[in-house]
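Please open the model in a viewer and keep the sequence at hand.

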Amino acid sequence: MRSPDMFETRLLSSSGDLHARDCAMYDEDGNGAIEELETELNEDDPALLKAQTPYTVKMSPTIKISTNPEGASSRAPCLQSLPMEERRKVLGQLLQVILDAMPRDPNRPQEDSVAKRSDRHLAQELRGVGLAAYDLPEWEKMAYSKALAFGGRSKLSIQEQRQSLPVYRFKNELIQAVHDNQVIVVVGETGSGKTTQMTQTKRVAQELGCLLGEEVGYAVRFEDHTGPDTVIKYMTDGMLLREIMVDENLSRYSVIMLDEAHERTIHTDVLSGLLKQLTKRRPGFRLIVTSATLDAQKFSEYFCNCQILTIPGREHEVKVIYEKSPESNYVAAALTKVMQIHLTEPKGDILLFLTGKEEIDAACQTLNDRMKELEERKRKVVVATNITEASLTIDGIFYVIDPGFAKKNLYKPKQGLDTLAVTHISQASAKQRTARAGRTGPGICYRLYTEIAYNEMSPTTIPEIQRTNLASTALQMKAMGINDLLSFDFMDPPSPQALISAMEQLYSLGALNEEGLLTKLGSKMAEFPLEPPVSKMLLAGVYLGCSDEILTIISMIETGNIFYRPSNKQEEADQKRATFVHPGGDHLTLLAVYEAWEANNFSAAWCCKNFVQPRSLRRVQDVRKQLITILDRYNLGIVSVGKDSTKIRRAIAAGFFFQAAKKDPQKGCYRTILENQQVYIHRSSALFLLQPDWVIYQVLLQTKKEIPWEATKEYMHEITVIDPKWPVEFAPRSFKASDFLKFTVIQSVLERIILINCGMQLPTSSSPGNHLREIEETNSHHFVVLVLFISVPQ
C-alpha cells in the first residue's frame, strides 16, 4: 500500500470510521493492529565480503548481447523471430483445416466414430504412446518412420568392427602410455573411433559380452544403473563431482577419463582442478583427458606439461566456402543453400546447423514443402544443433552448412537473470563443424558468413564457468573443504565478482556463516543434487511440516515442462490446463496436476485426456524417489500438510526470497526487490490474470518484443504469491522491514498543521487522527494546501 493510502487509512482507523479488520494492512497474527510493513534490502555486508566487491557491482557479461545490433551479421539472430511467429500461425491454421476436413472413418481401428472430432481418441493415445498420426507434421512422420535408419548398419561382427577402427592399432601404445604417465591428453581426430571404443556405454558392454548395469554401468542425476560387479562406470561430470564430496581421494577408482574436456563445462573445469591436486596425493592414480586438437596443448600445460597422444582418424580434405556479404536471415539463407546443393552437387548427405528446436521444425517443414516437386531426386538432410559438432558422428555427410550461430547460457549476477542467447560460435567450433564434412570422403563446408567475420570470432569457446551462476559450484567446493575459492587453481578462473556474488547468495540462504564457512544447513543443502535455493526450499518444507508436497513440487520443477500443446488443439489444451490453476501460483498448480494424476491411479489415459506428458510424470516419480532416499539418510520425515497451502508457499519463499518482486500499479509491471528491475508476469503463468501485490519467481527470462531489434522484456516464470513479511522472516541477513521514521515524522507534522489551521486544540495523545471526524464536520472549509520542506533526522 502506498504511503498516502496508509496515511489516510490510519486517520480513518483512528477516528473509528474504519474497522481494523476491514483494512488491507490488518495483521491477523498480531493483536488486531494495523501493520505497516515494507521490505527493503539489508545493506550491511557480512564479514566474508567486507573487503570484497559488493553484490550490486555492475558486471560486464562475457558474452555481449546487443539489443539494437548494427551489423547484419549481429542482427541476424533477431530477425528470425518474426518469420517463426508467422509460420507458427499459418501452420496452426492449416492443421486445423486439415483436422476439420477429416472424415469420420468407422473402419478406423479402436476409434469412436460417433464422437465429435475433438473428443475422438485412438487406443494408442489412451495408452500414453503419444498423439495420433495426423497430429504430426508430414515431415516428422517421414523422418521417424520405422523404415528410417540413422546410419549404415555394419555386417561385420563386433570384433571385426573393433579391429577396423584406427584407434585399435594404437591399443598397446595407449595402454603403455597410461602405464608410464600419471596424466595423458588423448586427441582423437575425426573418424578415429575414439568415441566408439571409449565412451559409448552400451557399445562397451556389448564388446565385453555383459548386460548394461553389470560389469559396465552408468550413473546420472536421479538414476544409478550400476551393481556390485561394475568395474567400468560411466557418469556425468556432475556425478563425479558429488563423489569427490564424499571421498576426496576417489579411493574406489584407479583410472579416470575426462571425455570431451574441451567442451569446458563448469563441472569439468572444477574437476580438472581437483584431479590435478589428487594426482599429487595419489602417485598410483591415472588420469586420461580427451580433448579436441586446438585445446590439447592448453590441457597439457595445465597438467604440468603432460604427454599428448594423438590418434589419427579418417578425415578427408574439406573445402571451405565463405559468403561474399553477410546474410541478414541465416535460416532462409541456409534453406536456399540446401536446395542449391541438392540441385547442383553430386550425391552426398547434408548437415545443417541451427540453434534450436523451433528453427529446426520450421526448416524441416519448409524443406518438406519444397521437396514435394522433386520426388525423383532424394537426399538425406540432417538438421541439428551444435551437439553434432563433436558428440555425434553421422556417416554419409559430404556437405555442411554453418550459419555461425549457437545458443549459449548466460547468467547476469546483477539481475539474477539467466538468458539462453543466440550468439556467434568460436573459431574452434567452426573448425569442428567443418570436419563433419570430411568424415566419409572429401566434402564442402558452406559458411554463411564472411571470412572477415570468421577472423573476428573468438579463437575458442568461452568456458561455462565464466558465464553461468556459480552458487551451486561454490556450495559444492565449500562442502569439499575448499574455503578460499578466489585462490583455487582454475584453468580459466571466473571473475572475482561472480564468485563473490555466489558466496553472498549462499550467505543469504544460511549456507555460509559470517566467516564464509559452511554451516550445518549448508552441509545438508550440499547433499542434494539441486540448486542451492531448491535445496533450501526442500529443507524448509521439512521444518514447516509440508515436505511431501514440496518434494512433489521440486520433482515437477526438475523434470521440466509437463504439458503439451498440440498446434491443432491449443484451445482445448489451454482449457484443460486452466482446470489445474491454483490462485497461490504456478508451483501449487504443478502440485495440483500431480495429485490429480495420483488420484487417477497414475493413468496414462488421464494424461492424454488432460494434455499432460505421461513420460514426464513418470520421470517426476523417479526424481521424487531419489530425493526421498536422501531425506531418509538424514532421518528427515516425509509429512503432508494437507490443504494448508500457506505453509507450502512459505517453504517456497524460504528458498527464493531474493527473487521477490512487488507490483508497481502505476506502470503495470513488477519491481524486483534486489535491483528495482522492471519485470512482468508471463502469460503462461497461473497468476497472469490475478496480478497479486507480492510474488517470488523461480526463473527470469528475456523475451523479444514484437519488433525484434527493440529492447527486451524480462518475464517471470514459476511464480508464487507471498506475504511481504516472509523475506524478512526467512532472510534477516538480506532483508529488513523498512524504516518508517521519515514517514512517521512527516505524517505527525502534517496532522498538527491540519489541526492548527482548523482552530482545533492540539491533542495530548499520540493519535491526532481521533479528531479527524470532528474536523470534517465543522471546519472542512478551512483546509489549505501546504508544501513543506522538512528536515528529517537520519
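Which strands does helix H11 lie across? Select residues 266-281: helix H11 lies across S2, S6 and S7, and its direction is at about 155° to S6. Helices (H or I, at least four residues) and strands (E, at least two) are DSSP runs, numbered from the N terminus. Axes are lines fitted to C-alpha atoms, for helices over the stretch in contact, and angles run from 0 to 180 degrees between N-to-C directions; contact means heavy atoms within 4.5 Å.

This is a predicted model, in which local features need pLDDT of at least 70, side-chain atom pairs count only at pLDDT 80 or more, and totals for chains, interfaces and linings use all residues. Residues are numbered from 1 along each chain as its sequence is written, and side-chain values use heavy atoms, with hydrogens and water left out.

Next, display the sheet. Four strands form an open sheet in the order S6-S7-S2-S8, with parallel pairing (two strands pair if DSSP finds at least two bridges between them). At the edges are strand S6 (255-258) and strand S8 (307-311), each pairing on one side only. From one strand to the next, the twist averages 20°.

Now select residues 183-188 and 286-290, which are S2 and S7; these strands pair in the parallel sense over four bridges. Opposite Val186 stands Thr290 in S7.

Finally, select helix H21 (residues 547-559) and helix H23 (residues 586-599), which pack at an angle of about 100° with their axes 9 Å apart. H21 is therefore roughly perpendicular to H23 (65 to 115 degrees). Among the residues that meet are Ile553 and Met556 in H21, and Leu590 and Tyr594 in H23.

Technical notes
Parallel < 35°, antiparallel > 145°, perpendicular 65-115°, else oblique.
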